[in-house]
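Let's take a friendly walk through this model, one region at a time. Have the sequence and the 3D view open as you read.

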Amino acid sequence: MSGPTFDRTATQTSNWTELPLAVHGLWDTCMQNQDGSDVARALTMNLICIADVGDAESLRTITEQLHRQTPLRAFLLLLDEEAANETAELSATTRCHDNIRDIVLEEIVLHVSTKDLTRIPGLLRPLIIDDLPSHLLWSLPWPAKEESFDTLAQLCQHAIIDSSGFGNPARELPILSQRRENGQQLTDLSWLRVQPWRRALAEAFERFQWQPNTQVSGTVRHGKTARAAAMLLSDWLHERLAVSVALEPNGNADSIGPDHVSLQLALESGGIEIVIDMQGDKLVTHVTTQSHCYMPFRSAAQRGTDAKLVSLAIDAS
C-alpha cells in the first residue's frame with residue numbers, strides 16, 4: 001500500500017482587513033479540480049510563529065515538517081521594519097490517500113513591523129480555531145520590552161522560545177525561570193538540546209556508587225551558540241549535585257551544545273572523573289575511578305531538527 005501524498009495550493013494574497021474571508025476561501029481552493037470529491041479539515045492546533053524576516057525559510061521548514069504529524073493552522077509573523085503594505089500570503093496543504101483528502105496545514109504569512117505587534121491580537125483572534133490548543137513559537141532574541149512577547153503569548157496557552165539566540169542569557173534565563181514559577185507555560189528549545197548531555201551524565205553515574213554530600217567540581221566548555229545550553233546544564237548540575245561549575249566560553253562557535261564537560265568527584269573511596277567530549281554528532285563519555293578506567297561509551301548529541309524539537313515541546317506541554 002502506498003503512503004499519502006501532499007498537495008500544496010498556490011499562494012494567495014489578501015489585505016489584512018479581508019483575512020477572515022481569505023482564510024475561509026482556502027477550503028474552496030482545496031476543493032477545486034477534485035471531480036466533486038470532498039475534503040476534511042483535520043487541523044489539531046494553532047501555531048503562532050514570529051521570527052526575523054531573514055529566517056522565514058526556517059519557519060516554513062518547521063511548519064512543513066510539523067504538519068505531517070500534527071495538522072495545524074500556522075500564523076507566520078515575519079518581523080520586517082521595512083514592511084510597506086498590509087498584505088498577507090495564504091496557502092494550504094492537503095494530505096491525499098486514495099479518495100481521502102484532509103487539509104493538514106493552513107499557513108498565513110504576515111510581514112509586520114514592531115509597531116504593528118499591538119494590532120496582531122485583533123487580527124488573529126477571529127482566525128484562531130476555538131477549542132484547539134494554541135502555541136507560540138518565539139524565534140527572536142528575548143525582547144528588552146517584554147510587552148511585545150506578552151502581546152502574542154496572551155493568545156496561546158503555551159510558549160516555545162529558543163534561548164540560543166539570546167543576547168544576554170545570564171540575565172534572561174532567570175527571567176524565564178521566574179515566569180515559569182509564576183505559572184506561565186514556557187519551553188526552551190535549548191533545554192531540549194542539552195538533554196543528550198544530561199542523559200550521558202546520568203549513565204556515567206551508573207558506573208559507581210554515589211555518596212551523598214560528595215564534593216563535586218566541574219568544567220563546561222562551550223562556544224557562542226551554546227552559551228545558554230551550557231548555562232542550563234550548569235544550573236542543572238548545581239541543583240542536582242551542588243556542583244561548582246566553571247564555564248569556559250572558548251569552545252566551537254557553531255556547536256549546538258558544550259564541547260567538553262568534566263566532573264571531578266571526591267568520594268571516600270577515592271577520586272572519580274567523568275569527561276564528555278563532543279566528536280562530530282556524538283558524545284563520547286569517559287569514566288575513570290581509582291581502580292578502574294571504563295571503556296568510553298558513545299551517544300547521539302542531537303535529539304533532532306528544530307522542527308523535531310518544536311514537536312517535542314508541543315507534545316510535552
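## Ground rules

Two strands count as paired if DSSP finds at least two bridges between them. Helices (H or I, at least four residues) and strands (E, at least two) are DSSP runs, numbered from the N terminus. This is a predicted model, in which local features need pLDDT of at least 70 and side-chain atom pairs count only at pLDDT 80 or more, while totals for chains, interfaces and linings use all residues. Residues are numbered from 1 along each chain as its sequence is written, and side-chain values use heavy atoms, with hydrogens and water left out.

## The six-stranded sheet

Let's begin with an open sheet of six strands, whose order is β12-β11-β13-β14-β15-β16 and whose pairing is mixed. Its edge strands are β12 (244–248) and β16, each of which pairs on one side only. From one strand to the next, the twist averages 15°. (Axes are lines fitted to C-alpha atoms, for helices over the stretch in contact, and angles run from 0 to 180 degrees between N-to-C directions.) Helix α8 packs on this sheet and touches β11, β12 and β13, with its direction at about 170° to that of β12. Contact here means heavy atoms within 4.5 Å.

In general, the strands of a sheet pair through backbone hydrogen bonds, either parallel or antiparallel. Strand β11 (residues 215–221) runs antiparallel to β13, and seven bridges join the two. Along this pairing, V216 stands opposite L265 in β13, and R221 has H260 of β13 as its bridge partner. With β12, strand β11 runs parallel, joined by five bridges. Here V220 is partnered by L247 in β12.

How enclosed is helix α7? Seven of the ten residues of α7 (residues 195–204) are buried, so this helix is largely enclosed by the rest of the structure. Buried means under 20% relative accessible area, exposed over 50%, and partly exposed in between (1.4 Å probe, protein chains only). The buried residues of α7 are Q195, P196, W197, R198, A200, L201 and A204. Their cover includes the helices α6 (189–193) and α8 (227–241), along with the strands β13 (260–267), β14 (270–279), β15 (282–288) and β16 (297–300).

Two packed helices are described by the angle between their axes and the distance between the axes. For α7 and α8, the angle is about 35° and the axes are 10 Å apart. Where they meet, W197, R198 and L201 of α7 touch L233, W236 and L237 of α8. The residues of this contact divide into five nonpolar, no polar and one charged. In this grouping, Ala, Val, Leu, Ile, Met, Phe, Trp, Tyr, Cys and Pro count as nonpolar, Asp, Glu, Lys and Arg as charged, and the others, Gly among them, as polar.

## Aromatic pairs

Rings of Phe, Tyr and Trp (its six-membered ring) pair if their centres lie within 6.5 Å; planes under 30 degrees apart count as stacked, over 60 as edge-to-face and the rest as tilted. By this rule the model holds five aromatic pairs. One of them is the edge-to-face pair of W138 and F149, at 5.4 Å centre to centre and with 80° between the planes. W138 sits in strand β8 (residues 134–139) and F149 in helix α4 (residues 147–153), eleven residues apart.

W138 counts as buried, at 2% relative accessibility, and F149 does too, at 0%. Together with W142 and F166, W138 and F149 form one aromatic cluster.

## Around L59

L59 belongs to helix α2 (residues 56–66) and is buried, with a relative accessible area of 2%. Setting aside neighbours within four places in sequence, L59 contacts C49, I50, A51, L76, L78, L137 and S139. L59 and L137 are 78 residues apart along the chain, and their C-alpha atoms are separated by 9.3 Å.

## Two positive phi angles

Most residues other than glycine have a negative phi, and most peptide bonds are trans. D131 is not a glycine, yet has a positive phi of about 70°. D131 is placed in the loop between α3 (120–124) and β8, and counts as exposed at 82% relative accessibility.

N213, also not a glycine, has a positive phi of about 65°. N213 lies in the loop between α7 and β11, and is exposed, with a relative accessible area of 78%.
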